[in-house]
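The tour below goes stop by stop.

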Amino acid sequence: MWSCSEAVQSHHGVHCMWLQPSYPILLYMYLLLLLLCLRSISLVSNCYLHQPLLLVHVLCLCSPLSHVSPGQASYTVCNSSLSEFGVLGFDLGFSMSNPNALVCWEAQFGDFHNTAQCIIDQFICSGQDKWVCQSGLVLLLPHGYEGMGPEHSSARLERFLQGCCDNPDSIEPLHPELGLDRPLAQLYECNWQVVNCTTPANIFHALRRQIQLPFRKPLVVMTPKSLLQHADARSPISDMTEGTMHVLHVILYMFRLTQPTALTTSGCTSFQRVYVDRECGEGVKVQRVLFCTGKIHYELYKERQRLGLTNKVAIIRIEQISPFPYDLVMSELTRYPSAELRWVQEEPKNMGAWSYV
């Protein structure tokens, strides 16, 4: 395994947030119902700073996000038992019987989904073809090598990608008669989505898209916990709005959940399947293009700055791994006609997204 420095400057190959607490607030503008099920959600050890508070003087629990605005969506948070199989099965059934609800199941670490593998393989991965049932269930599986040790580092990204129905020999939509654009056609034809978002705005749009889609597909989110407190993993509020200044902008700024520059408006925003490199030099001068997904982008970016190679090395983040964004990747390749291409990942070569990509 080569270091980030070697990936940026050497000629050798490489083994080929979380989000800020602000994102659920904005989801209320779009959801009819939000249900979160995860273990020990009220404990300080979890990253959900916005969860139920114990009001000692009145001996009751208060969920602040249940009282954001009049007429908001119902917001339910559940402390679940230590049975991934049972809880994930319940959430799957709940999502199918309530298609307008955003149902999220989080494993404390992505590794812990292994005891629910039967539910994933038999009902979520193949549910639409096998059981003729659609589900918009969201699996939040923190994935990343962050020094937490065995069983606390890998959500087995490669297993989920092996279960995708992408056909690399045919990148054109199978149902052109539906008149869908490419991103929507890909989602319509896939069996589930696998994303590794690196910004609060993108994970917000990924969750919002689950409700806005005219159909339902499971969503697997691999974003690691370390991005919750990463200094560079931040998004201006303008990346999550549709051009209208909202009182939440000011509230989030007061709690230091956004920057002063975020108190501006912009046009309609959406989920970014790929983040292109807007800082590197002209395409003909770029000598190497590094494709990656997930938090390793921030490590590569820091190393590129340290080595002063901003004009020679381009770093492209693939946020939606499956369905694979063929069109955007091909568009980026045309920008760098003479550059050397590399795929960079934390995982060993027989793991991670390399074999899929």
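Start with a surface term: patches are made of residues with over 30% relative accessible area and no salt bridge, with like charges joined within 9 Å and nonpolar side chains (Val, Leu, Ile, Met, Phe, Trp, Tyr) within 5 Å. A salt bridge is a side-chain nitrogen of Lys or Arg within 4 Å of a carboxyl oxygen of Asp or Glu. Accessible areas come from the Shrake-Rupley method with a 1.4 Å probe, and for residues only the protein chains shown count as cover.

This is a predicted model, where local features need pLDDT of at least 70, side-chain atom pairs count only at pLDDT 80 or more, and totals for chains, interfaces and linings use all residues. Residues are numbered from 1 along each chain as its sequence is written, and side-chain values use heavy atoms, without hydrogens and water.

**The whole chain**

Show everything. The protein chain has 11 helices and 13 strands. Helices (H or I, at least four residues) and strands (E, at least two) are DSSP runs, numbered from the N terminus. Of its 357 residues, 52% are buried. Buried means under 20% relative accessible area, exposed over 50%, and partly exposed in between (1.4 Å probe, protein chains only). The chain exposes about 16400 Å², and carbon and sulfur atoms supply 57% of that.

**Colour by confidence**

Now colour by pLDDT, the predictor's confidence in each residue, from 0 to 100. The chain mean is 78, and 75% of residues reach 70 or more. A contact means heavy atoms within 4.5 Å. Residues 244-257 are also below 50, with 28 contacts beyond near neighbours in sequence.

**The nonpolar patch**

Select Leu178, Leu180 and Tyr188. They form a nonpolar patch on the surface, with about 230 Å² of accessible area together. Leu180 sits in the loop between helix H6 (157-162) and helix H7 (182-189). Is Leu180 buried, partly exposed or exposed? Leu180 counts as partly exposed because its relative accessibility is 31%.

**Backbone stops**

Go to Val132. Its phi is positive, about 55 degrees, although it is not a glycine. Val132 lies in the loop between helix H5 (127-131) and strand E6 (138-140). Its relative accessibility is 70%, so Val132 counts as exposed.

Next, Arg156. This residue also is not a glycine, yet has a positive phi of about 55 degrees. Find Arg156 in the loop between E6 and H6. At 30% relative accessibility, Arg156 counts as partly exposed.

Then pick Ser322 and Pro323. A cis peptide bond joins them, with omega about 0 degrees. Pro323 is in the loop between strand E12 (320-322) and helix H11 (326-335).

**The open sheet**

Which order do the strands take in the open sheet? The 4 strands run E9-E11-E10-E13, with mixed pairing. Strand E9 (274-275) and strand E13 (340-343) stand at the edges, each with a single partner strand, so one side of each has no neighbour in the sheet. Two strands pair if DSSP finds at least two bridges between them. Strand E10 (residues 288-292) runs parallel to E13, joined by 4 bridges. Leu290 has Arg342 in E13 as its bridge partner.

**Last stop: Met351**

Select Met351, in the segment after E13. Met351 counts as buried, at 13% relative accessibility. Leaving aside neighbours within four places in sequence, its contacts are Tyr145, Ser154, Arg156, Glu158 and Gln345. The C-alpha atoms of Met351 and Ser154 are 9.5 Å apart, while the two residues are 197 residues apart along the chain.
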